[in-house]
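Trainee: I would like to learn how to read side-chain contacts in a model. Please take me through them one feature at a time.

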Amino acid sequence: MIQLFKRFLGKYKFHVIFGSLLKVLEAFFELIVPLVVKYMIDGVVKNNMLSEAVKTERLWICGGVLFAFAIVGFLVTICAQYIASRASQGFGTDLRDELYRHINTLSFKELDNISSASLINRLQSDTVNVQGCVAMIIRLVLRAPIIVIGSMIMSFIVNWKAGLIFLGTTIALFIFIFLLMFYIIPISNKSQAPLDVVPKISKENLTGNRVVRAFNKQKYEYIRFVDNQVELCKIQSKLATIEAFLNPMVFFIINLASVIVLYVSGLQFVNSEITVGDIQALINYFTQIQLAVVAVLTFVVTLTKGAASSQRINEVFALSTSIHYGEVNQIIDKDEAINFNHVTFKYNENANPALSDITFKVKQGEHIGIIGGTGSGKTSLINLINRFYDASGGEVKVFGTNIKQYSKNAIAHNVATVMQKSVLFNASIKENIRKGKKEATEEEIVQALKSAQAFDFVSKLDNGIDYLIQENAKNLSGGQKQRLSIARALIKDSPILILDDSSSALDYQTEARLKKEIKQLDKTVITISQRASSIIDMDRILVLDKGKLVAEGTHDELLINSKLYREICASQDLGEHHV
């Protein structure tokens, strides 16, 4: 947590210091009040040497002082609370912004090791927990100790015997709190992991609700959710039990000490060793200690949660991207678009290679098809062209330059990709298309939609290109989502276009029109497809099997030279006489 405070609390240093000083001033007023009350009882009410008029006058003065303390204390408290809120909210906002920015710098390799539900949890609940610590620190880190220590000192001044009881009670309470922290912290740390699982299950069920219903698995998913809830409930119940036990235990210790103080004070009063005002002052100071200790307990609980959350946040900050971009922004060689030279790729060190010794070249303007069975490495291959991952071995070149030498913007500008899974955002169609080209005009958007065979259905929607796409594009069909994704890539106008099985939901007629449109583009096009018919007329086809490039050539050449390709075509009723 200290690392986060050093990093994000610096700009709120004034708020922390000034807010804490205001709370110190508030504590000072609270410590003075019992002395004023003591004077009112012993020095005024019980003082038989004063006339009634003088007593009344002094009581009014003392009352005015107490009223002034109350007003000033109220204003100081309001200011301190406002400053604490500003500092904690600003700290939380800066932390959340930087955490979100950092997450977006991570490559797919790092993001593969942590779930999106866990990241969302760390962005939200964990950040809120640490943010709460900042507010509590400003409000309590100086005030509570000053109240406790000050009340003990003042009690010694009033009556040393009572002061000893105060001291013993306070030491016992803080030993109790200190031991409790060592017990709570591991439980708080343990409670965070199930918090990631519950939203993960919820997200899966909400996004896959139609699948759950289609297979009538509502009961199964409910049981899965409840099982994880039970696990979370056990841990949180243990924490809640401890928290519920804290206050009664503290009040019991303090009330027991109060009885002892009153008993000792009563004996002293009988022997005329202590006054009524002294007893009242001791009770007030003891009440202040009681409230301060309860506040400390609240702070301890908040601090333990914040410590566990800060550890989880620091785990994300500790991740650094494995991909470091170069400084090349311009295309040097326009003849050779892509060059894989003995490329091997693993998703992690202990995994089997997803790609093994892949070598091929693609000329600028060439249209390449890639086909192979599930798990053959098709998507892994194009992920290297986008530099979502780095090759484990060998070299990937784009336009004659090692891809590692390009800047991030250069890769994004020169490569447009339509992902295997169409992802659209909760915004208008126009806004979604403009993610490919921010400054695109409506005419350019319409042209991109026409090229992607999407304009026909878009023009029939309410508001046309201003039609609002719902969350997860639930108000669009699979084919509609694919065509809009293709339009978003086409408007980018990059020299390399990658289509990763992006027409699987289209009917054959629509796909044929789309293929014709794409064939006319002056681009290097790489098309991945499970359908041989989708790539049959490509300039060249690459056949992958178990991460290896086993054959390449035209459709006719592969029918002669590749057994695997012949089997794929035969299974789809395609052959040498296909038109």
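Trainee: Which side chains meet in a salt bridge with D493?

Mentor: Side chains of opposite charge can pair when their charged atoms come close. A salt bridge is counted when a side-chain nitrogen of Lys or Arg is within 4 Å of a carboxyl oxygen of Asp or Glu. Here D493 meets K523 in a salt bridge, with 3.0 Å from N to O. The pair links distant parts of the chain, 30 residues apart: D493 is in the loop between helix 16 and strand 7, and K523 is in the loop between helix 17 (508-519) and strand 8 (524-528). Helices (H or I, at least four residues) and strands (E, at least two) are DSSP runs, numbered from the N terminus. This is a predicted model, where local features need pLDDT of at least 70 and side-chain atom pairs count only at pLDDT 80 or more, while totals for chains, interfaces and linings use all residues. Residues are numbered from 1 along each chain as its sequence is written, and side-chain values use heavy atoms, with hydrogens and water left out.

Trainee: Is D493 buried or exposed?

Mentor: Buried means under 20% relative accessible area, exposed means over 50%, and partly exposed lies in between (1.4 Å probe, protein chains only). D493 has a relative accessible area of 55%, so it is exposed.

Trainee: How many salt bridges does the count come to?

Mentor: The count comes to 19 salt bridges. One of them joins E315 and R122, at 3.0 Å from N to O. E315 lies in helix 10 (residues 276-318) and R122 in helix 5 (residues 116-140), so this pair ties together parts that are 193 residues apart in sequence. E315 is partly exposed at 40% relative accessibility, whereas R122 is buried at 8%. Elsewhere, salt bridges that share partners join K23, E26, E30 and R143 into one network.

Trainee: What does R387 form with D390, and over which ring does its charged end sit?

Mentor: R387 and D390 form a salt bridge, and their closest N and O atoms are 2.7 Å apart. A charge sits over a ring if NZ of Lys or CZ of Arg is within 6 Å of the ring centre and within 35 degrees of the ring normal. The charged end of R387 sits over the ring of Y325, 5.1 Å from its centre. R387 is buried, with a relative accessible area of 3%. The charged end of R531 sits over the ring of Y508, at 4.6 Å from the centre.

Trainee: How many aromatic pairs are there?

Mentor: A pair of aromatic rings is described by the distance of the centres and the angle of the planes. Rings of Phe, Tyr and Trp (its six-membered ring) pair if their centres lie within 6.5 Å; planes under 30 degrees apart count as stacked, over 60 as edge-to-face and the rest as tilted. The count comes to 12 aromatic pairs. In one of them, the rings of F5 and F91 have centres 5.7 Å apart and planes at 65°, so the pair is edge-to-face. F5 is in helix 1 (residues 2-8) and F91 is in helix 3 (residues 52-105), 86 residues apart. F5 is buried at 16% relative accessibility, and F91 is buried at 0%.

Trainee: What kind of aromatic pair do F8 and F91 form?

Mentor: F8 and F91 form an edge-to-face pair, with 6.4 Å centre to centre and 85° between the planes. F8 lies in helix 1 and F91 in helix 3, so the pair ties together parts that are 83 residues apart in sequence. F8 is buried, as is F91. Ring pairs also link F108, F345, Y347, F388 and Y389 into a cluster.

Trainee: How many disulfides does the structure hold?

Mentor: A disulfide is a covalent bond between the sulfur atoms of two cysteines. The rule asks for a pair of cysteine sulfur atoms within 2.5 Å. The structure holds zero disulfides. Among its cysteines, C62 is buried at 7% relative accessibility and C569 is buried at 0%.
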